[in-house]
Amino acid sequence: MKKLIFISIVTYLILSGCQRASYYYQSGVFKGRAQDNIGAKAKFDKAIELNPNYCEAYVARGIMKFRLKDTIGALNDYNKALEVNPIFYSAYYCRGVLKVDCQDSAGAMADLNKLFELDENSAYTYFYIAIEKRRLKNYVGALCDFTKAIELDSNKDFIFYNRGLIQLDIKDYNKAIADFTKAINLYQDNPLAYGNRGIAKQKIKDLKGAISDYSKAILYNPKYANAYGNRGIVKAELLDYKGALDDFNNAIELSPENAELYYFRANVKHQLNKKDACLDWKKALELGFRNANDSLKKYCN
């Protein structure tokens with residue numbers, strides 16, 4: 001009887017640990033989507049602590065490390081995932097991407113070709129290969145592979161989202177809007193989908209629609225500097241200079257090394273007759289935005 005109770009307690013603790021690990025993993029995924037890479041990594045650390053054989057958590061943590069420029073740490077996590085599960089699909093892809101970044105072309109292709117070996121009829125296979133083709137600027141090939149992935153599985157928001165990015169690359173803005181809209185319908189809490197749909201709408205001069213999308217992106221990720229900056233540009237185009245100034249202030253606070261933000265803020269300050277516009281043009285030039293030099297010569301003698 002005592003032995004049975006002991007086994008039951010151990011089983012409960014293992015299941016409880018796995019369930020808690022899953023909670024931390026999902027929390028990390030949410031933070032990763034919001035580009036909170038450090039916060040996401042901390043959640044994945046906890047998930048792995050609770051479940052040392054959690055392959056998905058190793059890969060996800062590897063992605064965060066890769067974003068944070070910890071290449072060796074990322075490679076170690078991908079290797080660990082494959083040690084636990086030698087046929088773990090996404091680990092081969094992520095390790096392949098890392099090897100491309102490290103200019104290990106042979107190693108990268110070996111990992112990416114492994115995807116077809118594991119499952120040539122999977123939407124993920126075409127998705128991962130398409131991602132890599134886009135990185136190599138093979139937009140036609142990437143578009144074909146994303147489309148094939150969607151034919152195999154039309155319920156994945158991230159496939160539509162990434163095909164939308166290709167449509168932006170090739171300047172087919174209406175198709176980009178359609179893909180981002182589909183991605184949002186499948187997963188409506190993605191700030192990047194709103195942000196990029198806003199860019200596409202801005203390109204076709206749907207300025208009010210663009211502002212609405214940038215605002216949604218900021219709602220889901222209040223630290224989304226590009227969304228503030230792009231919304232500021234649209235507001236300036238609509239002559240809402242005070243609103244634009246607020247957005248550029250927020251964007252610069254979040255991304256203080258972005259030269260273009262200082263340039264656009266200077267333009268707005270000039271329209272509002274603010275005397276410190278020249279300081280922003282000067283800062284933009286210091287950070288490498290050469291167009292600011294014309295404004296400095298014209299207005300700041």
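Author: R33 lies over the face of Y187, at 4.0 Å from the ring centre, where a charge counts as over a ring if NZ of Lys or CZ of Arg is within 6 Å of the ring centre and within 35 degrees of the ring normal. The model is predicted, so local features need pLDDT of at least 70 and side-chain atom pairs pLDDT 80 or more, whereas totals for chains, interfaces and linings use all residues. Residues are numbered from 1 along each chain as its sequence is written, and side-chain values use heavy atoms, leaving out hydrogens and water.

The structure holds 25 salt bridges, each a side-chain nitrogen of Lys or Arg within 4 Å of a carboxyl oxygen of Asp or Glu. In one of them K41 meets D45, with the closest N and O atoms 3.0 Å apart; these residues are four apart in helix α2, and are therefore separated by about one helical turn (helices are DSSP runs of H or I, at least four residues, numbered from the N terminus). K41 is partly exposed, at 25% relative accessible area, and D45 is partly exposed at 26% (buried is under 20%, exposed over 50%, partly exposed in between, with a 1.4 Å probe and protein chains only).

K65 forms a salt bridge with D77, the closest N and O atoms being 3.1 Å apart, and this pair links helix α3 (residues 55-67) to helix α4 (residues 71-84) across twelve residues. Both K65 and D77 are buried. A network of salt bridges links K41, D45, R61, K65 and D77.

Note on methods:
Helix = DSSP H or I, 4+ residues; strand = E, 2+ residues; numbered from the N terminus.
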